[in-house]
Each structure stands twice: as structure tokens, then as C-alpha cells.
Amino acid sequence: MNHLAQISTVPGYILAGGKSSRMGQDKGLMLFGQQTLAEFIIQKIKQALSSIIIVTNNDRYSKFGFEVIPDYYQNKGPAGGIYSALKHSSVRNDYIFIFSCDMPFITSDSILWFLNQSNSAQIILTQFQGVPQPLFGMYHTSCLDAWEILLQKNVLKLQNIISHFETSIIDIENNPLFFPTFFTNLNTPSDVTNALNNLTHGN
């Protein structure tokens, strides 16, 4: 995979701009064990990628020591966050890796494996139970213009957006790196409790 040979050339963008209405507080800044959830996610990603950028309108994320960029379009959810990441990286004309700030089960090994399996499609994703997972995947900056048009038309559901692009699904069936809880995201305080319990017991 010549275009992905150097891991450090693929920047990781963490989407941390959600309203977190069901959680009652900013997810990434809430305590997750002995650190914030954002710090927990960052620790996983930085073992695989040398460049991390956080997409959020909350300046408090700057305390983690990484570049923070705001949403270019406000109140567009993850679709807007991905657009902001693509626009920020568009001068590179290359891939970016997108992560959600509330998926604590991702691992550096899974990121590295995914990079090594990737190809030249515009969007490269895995799928779980037959559903593509757009918040752990790679996007080429060639998506930028068409993505903006969809945002302007208020097409915000990621499953609908990715259908407009050349998308490759990487097979992870029976791959132990992608265990059943891998794509779990945290929306409520009870989700956090369950996630910490699962991590304590090995996942």
C-alpha cells in the first residue's frame, strides 16, 4: 500500500463536537476512570498516528496539547465534523482517519491493521452486523466538494452521505481485533459504567 506506507502521513481527527444531550455534559471532557474520555481515546490513537487534531467548538479541548479546529458549519452533527476535518486537511490531497470521541474500545492495533488493509477508494470503512461504521474510517479529501453540497442540502445522516461516494468496506468478520463491543459509543451515564466494567474484564 504505497500511499499509506508512512503511518505518520495519515492524520487522525477526533470528532468531539456533539451536544451530548443524553449524557448531560460534554462527553469528551467527562471523567472516564482516572482521566477524561478524550484523553483515553487520544492515548489509543497516538500509539498509531503521529498527528491528532480535535474537531470541536469547545476551547477547553486545547488543554490536551493538540490542535483544535471548530466546525465550519454549525449544528450539522458528525457530518459537519467530518467536513471540517476534510477542509482542514484538503491541502494535503490525501486521506484522513476519522474517530468519534466516545468509542473507548478502539485500539492502536486495530488502527494499524486497518491502515495496512486500506485501498484507493474515496471512503474506507468497516461494517458491524451489516452496517458500515463511518466514525472509524478513512476519508479522502477528494470528498470535500460533494460533501459540502450534501451538507448545504441538509443531508446529515452519515449512511446516506457515504452512499454518494466510492466506498470500500474492509472485511473484519472473525477478526479478533474487532471484538463485539468495539464499535460501542457512549450516550448515557449507564453506557459509561458498562464500558468501564467491560474494559476492566478484558474488552
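Asn75 lies in the loop between β5 (67–69) and α2, where helices (H or I, at least four residues) and strands (E, at least two) are DSSP runs numbered from the N terminus. The model is predicted, so local features need pLDDT of at least 70 and side-chain atom pairs count only at pLDDT 80 or more, while totals for chains, interfaces and linings use all residues. Residues are numbered from 1 along each chain as its sequence is written, and side-chain values use heavy atoms, with hydrogens and water left out.

Asn75 is not a glycine, yet it has a positive phi of about 60°. With 62% relative accessibility, Asn75 counts as exposed; the term means over 50% relative accessible area, whereas buried means under 20% and partly exposed lies in between (1.4 Å probe, protein chains only). Asn93, also a residue other than glycine, has a positive phi near 50°. Asn93 sits in the loop between α2 and β6 and counts as exposed at 53% relative accessibility.

Helix α2 covers residues 77–88, and its 12 residues should span 16 Å at 1.5 Å a residue; the expected span is 1.5 Å times one less than the number of residues. The end C-alpha atoms of α2 are 17 Å apart, which agrees. The buried residues of α2 include Ala79, Ile82, Tyr83 and Leu86. In the loop between α2 and β6 (95–100) comes Ser89, which counts as buried at 1% relative accessibility. Beyond its neighbours within four places in sequence, Ser89 is in contact with Pro11, Tyr13, Ile96 and Thr141, contact meaning heavy atoms within 4.5 Å.

Helix α1 (residues 37–45) has 7 of its 9 residues buried, so it is largely enclosed by the rest of the structure. Among them are Leu37, Phe40, Ile41 and Lys44.

Turning to the whole fold, the protein chain has 6 helices and 9 strands. Its C-alpha trace spans about 40 × 40 × 30 Å along the principal axes. For 203 residues, a compact globule would have a radius of gyration near 17 Å, and the 16 Å of the protein chain agrees; this radius is taken over C-alpha atoms, and the globule rule is 2.2 Å times the number of residues to the power 0.38. Of the 203 residues, 50% count as buried. Among contacts in the protein chain with a separation of 6 or more, 72% come from residues 24 or more positions apart.
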